[in-house]
Amino acid sequence: MTENKIGFSKLTKEEKINWIANQYFANPKEAISVLNQYQNSNEALQKLHDEFIENTLTNFYLPLGVAPNFNINGKNFTIPFAVEESSVVAAASKAAKFWGARGGFKTTILGTEKIGQVHFLYEGDKQKLKEYFNFIQPVLLTETEEITKNMQKRGGGISKIELIDKTEILENYYQLHATFETKDSMGANFINSCLEQFAKTFKNNSENFGLPSIQIIMSILSNFVPNCVVRAEVSCPVSELNEDANITSSEFAEKFVTAVKIAEVEPFRAVTHNKGIMNGIDAVVLATGNDFRAIEAGVHAFASKDGKYTSLSHAKIENGIFTFWLDVPLALGTVGGLTNLHPLVKFSLEMLGNPSATELMEIVAVAGLAQNFAALRSLTTSGIQQGHMKMHLNNILNQHQATKEEKRLAIAHFENQTASHNLVVDFLENLRAK
Ligand code: MEV
């Protein structure tokens with residue numbers, strides 16, 4: 001039986017599981033039992049998850065951890081992180097405590113503008129197209145009123161529609177480039193619905209205006225949101241910066257600023273530097289039910305907006321004050337999408353005080369800055385492996401079925417030396433040989 005013949009999507013969930021198990025696994029019973037141990041015994045909850053996507057077989061768990069003690073603009077937060085990488089939550093917690101004692105994190109919303117485009121081809125006279133656009137622009141707004149009326153009640157809507165000539169980069173290529181304010185929703189459905197209506201209105205009226213050659217190619221929001229940006233910042237006197245006895249505060253501050261400068265000028269380093277920032281950002285974005293792929297795509301486009309990939313964060317020392325900040329584009333929502341559907345998302349949002357979208361932007365940016373601070377602090381002092389392997393030690397021990405006592409001995413043994421996979425395996429083998 002091949003996948004095509006059976007019409008996989010038409011099978012029941014149980015039939016899908018059986019088919020997969022029999023098709024691909026040496027031991028189908030074992031494969032089925034692996035899948036089934038992740039099914040939720042609460043049928044309604046399982047059904048909810050089954051219906052988020054298509055062809056669901058089971059659930060794929062990620063740990064949900066929390067980092068307390070975040071002081072953001074004078075308010076205290078415990079931030080949820082959905083992430084599989086050990087040491088991310090520990091690093092966030094440490095950075096939160098550190099900056100909590102130094103005035104906390106400050107944030108500023110630099111913009112909330114979202115963007116969408118109707119991409120089309122047109123072969124005729126440019127002036128005529130401009131005239132048509134001037135004529136049709138108010139009609140584009142009236143014909144989307146049905147879609148925009150609720151958003152307008154919330155203070156959002158369509159901010160601007162422009163005709164953009166892109167024929168220099170692609171023959172006959174133009175855009176309707178629109179900007180939107182979507183308040184507490186991420187706005188993807190709202191924007192795409194408006195754009196599809198723009199496209200219809202724009203095409204339908206064009207022949208009467210004597211422009212028969214307009215060809216709509218597609219209508220879609222952009223995940224590049226360089227004007228939907230939040231800044232997160234920390235600062236303190238250089239003299240208060242350091243807690244490490246092996247380095248002075250000013251040496252540490254200088255080294256830290258240099259490490260950031262390296263990420264600003266060197267793309268190989270910038271990518272890893274920003275990856276560390278995304279460790280924090282993605283984890284909170286996921287826990288709060290937002291689209292981390294959209295955020296990732298937008299963030300990296302933003303990091304290269306001036307033609308070269310660079311650091312998202314910056315640092316300086318001025319008049320004895322160390323300042324470290326991050327500007328990051330975050331098109332987030334706290335209503336709509338998964339936010340009202342996924343029980344853990346609802347939990348995370350309530351724990352954060354049911355933030356508005358802009359408040360969530362602030363919290364997420366702070367999580368990114370905290371991660372970046374923690375990573376750079378380790379990298380420029382003890383090195384990353386000491387802390388990372390301490391956290392990863394438990395994973396290695398679990399992988400080798402260490403008992404409770406073996407774990408206790410291993411943790412004590414690696415307290416003051418950096419663990420590696422081989423060293424942990426050697427340690428366990430020696431222990432077991434005794
Ligand atoms: C690892 O997940 C993240 C780091 O590589 C970030 C960085 O190098 O700044 C530690």
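## Cavities, pocket and ligand site

The largest cavity lies between domain 2 (64–110 + 229–382) and domain 3 (114–222), because both domains give residues to its lining. The domain bounds come from an automatic or database domain assignment. The model is predicted: local features need pLDDT of at least 70, side-chain atom pairs count only at pLDDT 80 or more, and totals for chains, interfaces and linings use all residues. Residues are numbered from 1 along each chain as its sequence is written, and side-chain values use heavy atoms, with hydrogens and water left out.

Rolling a probe the size of a water molecule over the atoms shows where empty space is left. On a 1 Å grid over the protein atoms alone, a cavity is a set of points where a 1.4 Å probe fits but cannot get out, whereas a pocket is an open set with protein on both sides within 12 Å along at least five of seven lines; lining residues have an atom within 4 Å of a point. Grid points are joined across faces, edges and corners, and a volume is the space filled by probe spheres set on the points. Two cavities of 30 Å³ or more are found in a search of the whole structure.

Residue classes in the table follow a simple scheme: Ala, Val, Leu, Ile, Met, Phe, Trp, Tyr, Cys and Pro count as nonpolar, Asp, Glu, Lys and Arg as charged, and the others, Gly among them, as polar.

| Space | Volume | Lining by class |
|---|---|---|
| Largest cavity | about 90 Å³ | nine nonpolar, three polar and one charged residues |
| Second largest cavity | about 40 Å³ | four nonpolar, three polar and one charged residues |
| Largest pocket | about 1,400 Å³ | 21 nonpolar, 17 polar and two charged residues |

Of the 13 residues that line the largest cavity, M186, S222, N223, V225 and A331 lie nearest its centre. Helices (H or I, at least four residues) and strands (E, at least two) are DSSP runs, numbered from the N terminus. On that basis, β7 (215–222) and α11 (292–303) each supply at least two residues of this cavity's lining, and α11 gives the largest share, four residues. The second largest cavity is lined by Q386, M389, K390, L393, F414, Q417, T418 and A419.

The largest pocket has a volume of about 1,400 Å³. Its lining comprises 40 residues, of which F52, L286, G289, L338 and H342 are the closest to its centre. At least two lining residues come from each of α4 (43–50), α8 (188–204), α10, α11 and α12 (343–351); α12 contributes the most, with four.

**The ligand site**

Around the ligand (a heavy atom within 4 Å) stand E85, R269, T272, H273, K275, G276, N279, A375, L379 and I384. By class, this shell has three nonpolar, four polar and three charged residues. Both α10 (267–287) and α13 (357–380) supply at least two residues of the shell, the largest share, six residues, coming from α10.
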